[in-house]
Amino acid sequence: MKYFVTFFLLLCLFLPQFAAAQLSRQEIKIAKAIDSRSAAALELLKISVNINSGTMNFEGVKEVGALYMEELSKLGFETKWSPGEAFDRAGHLTAVHKGKGKGKKILLIGHLDTVFETDSKFQSWSMLNDSVIKGPGVSDMKGGDVIIILAMQALHDAGLLEELTIEIIMTGDEELSGDPIALSKKDLKDAALRADIALGFEDGDGIPNHALVSRRGATEWTLTVKGNAAHSSQIFTDAVGNGAIYEAARILQAFYDSLSKEENLTFSPGIIGGGGQVSIDPLTNSVMASGKSNIVASDVIVKGDLRAVSTEQLEKARKIMSDIIAKNYPQTSAIIDFGDGGYPPMTLTDGNKKLLEAYSKASMDLGFGVVTAVPPRKAGAADISFVAEEVEMALDGLGIAGADGHTINETANLNYLTIDAKRVAVLMARLGR
Ligand SMILES: [Zn+2]
């Protein structure tokens with residue numbers, strides 16, 4: 001027993017080194033390069049967090065982009081600012097590296113904007129203790145952007161970058177997408193068509209050893225219901241029917257009865273107006289409804305969202321909702337418009353699962369432990385959703401672990417700047433082979 005305990009203790013003692021032995025000589029070089037560049041990376045993060053880049057502060061977004069472009073240019077990336085006038089945003093950073101190797105082509109996704117505009121009181125970087133940084137966009141997602149740069153620097157220093165074909169897109173409008181959305185996401189989608197693999201550096205759910213293989217999409221719907229305007233005393237007669245409000249109630253109840261048990265699907269009516277006259281302001285989403293207690297209502301408008309975990313689930317839900325709408329109460333009609341905007345789902349695929357396994361293997365080989373998937377209900381929509389369908393494999397949430405994103409208490413754990421950069425650089429070295 002004693003020998004066994006001693007053996008066990010020895011094993012524990014040597015476990016990190018044992019794990020490091022799983023790395024090739026070049027991979028060890030990558031890890032060392034990241035350590036030697038970590039102070040400069042932290043400084044780059046600090047400078048960029050202190051530049052306001054709220055989505056609508058175009059100059060700030062471009063300034064952060066210029067800062068990152070300079071770093072990528074030094075490594076031999078062809079960098080370019082892709083202008084955003086056509087969709088009323090700052091634009092995007094694009095950087096391309098054509099490698100000599102025949103490995104997988106990799107797309108890396110970041111964003112330069114934050115939710116904190118120039119009028120926010122949250123504008124600057126501070127250290128809460130040795131490892132926790134507080135700052136606007138520090139985890140969502142300037143931390144992820146700097147991880148991309150640090151990983152590229154390490155691959156460069158280890159002599160591996162020249163083999164790899166990599167495209168980097170850092171969008172300027174992830175937090176408030178430009179309009180039309182098709183133009184806003186065009187650079188991303190075009191890059192996805194050229195890539196085999198997409199890696200997203202959003203911050204995930206804040207748990208360091210989590211990554212995302214699936215994200216729910218977020219789309220909207222508008223339900224418009226019509227009935228016969230009449231005196232209330234005539235409701236339910238053949239001529240007048242049930243009115244628009246009963247019909248809207250029937251539809252919403254049927255949505256609930258048919259779909260509320262679907263796993264990972266949600267649909268929420270967020271705003272409703274009904275009466276004799278109804279209008280909705282598309283900019284402010286405020287509803288104006290007028291009527292009386294003694295009328296049969298002629299109009300209802302309902303707006304809501306629909307979040308699904310796969311394209312298949314989204315289409316199935318839309319079909320069920322459309323079927324429900326077609327079974328009208330007497331003398332009523334209804335239409336539902338699903339719009340063309342919104343974020344598509346990032347569907348769970350075998351490719352995405354394999355990519356997570358490879359990332360987790362890299363993490364374990366580095367001595368950082370297993371990485372598992374975030375449950376999709378905990379993951380909102382992100383830019384990777386626009387490219388996931390076009391690539392063989394996609395993985396998101398590779399950014400720095402943090403907390404309280406989108407609030408003035410946003411933080412990041414600086415230890416994960418190097419840990420995350422090492423994991424992804426080793427993964428890319430393996431994928432690019
Ligand atoms: Zn983000």
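The chain is divided into domain 1 (19-215 + 346-431) and domain 2 (221-337). The model is predicted.

**Domain arrangement**

- The C-alpha centres of domain 1 and domain 2 lie 41 Å apart.
- Five residues from domain 1 and four residues from domain 2 make up the contact.
- On the side of domain 1 that touches domain 2, two residues are nonpolar, two are polar and one is charged.

**Nonpolar cores**

- In general, nonpolar side chains of soluble globular proteins tend to be buried together.
- Here the largest nonpolar core has 87 residues, and those with the most contacts inside it are Leu107, Ala151, Leu155, Ala198, Leu395 and Ala425.
- Another core, of 26 residues, lies apart from the largest one and includes Ile251, Val309, Leu314 and Ile325.
- Neighbours within four places in sequence aside, Leu155 is in contact with Ile30, Leu160, Leu161, Leu164, Ala425, Met428 and Ala429.

**Helix H2**

- Helix H2 (residues 25-49) has 25 residues, which at 1.5 Å a residue should span 36 Å; the end C-alpha atoms are 35 Å apart, so the two values agree.
- H2 has a kink of about 50 degrees, centred on Ser38.
- The buried residues of H2 are Glu27, Ile30, Ala31, Ala33, Ile34, Ala41, Leu44, Leu45, Ser48 and Val49.
- Helix H3 (58-74), helix H4 (138-157) and helix H10 (415-431) are among the elements that cover these buried residues.
- Ile30, buried in H2, is also one of the contacts of Leu155.

Methods:
Residues numbered from 1 in each chain as written. Predicted model: local features only at pLDDT ≥ 70, side-chain atom pairs only at ≥ 80, totals over all residues. Core = buried A, V, L, I, M, F, W, Y, C linked by C-beta atoms within 7 Å. Buried ≥ 20, exposed ≤ 12 C-beta atoms within 10 Å, placed from the backbone. Contact = placed C-beta atoms within 7 Å. Domains from an automatic or database assignment. Nonpolar A, V, L, I, M, F, W, Y, C, P; charged D, E, K, R; others polar. Helix = DSSP H or I, 4+ residues; strand = E, 2+ residues; numbered from the N terminus. Expected span 1.5 Å × (residues − 1). Bend = angle between axes of the 7 residues up to and from the residue.
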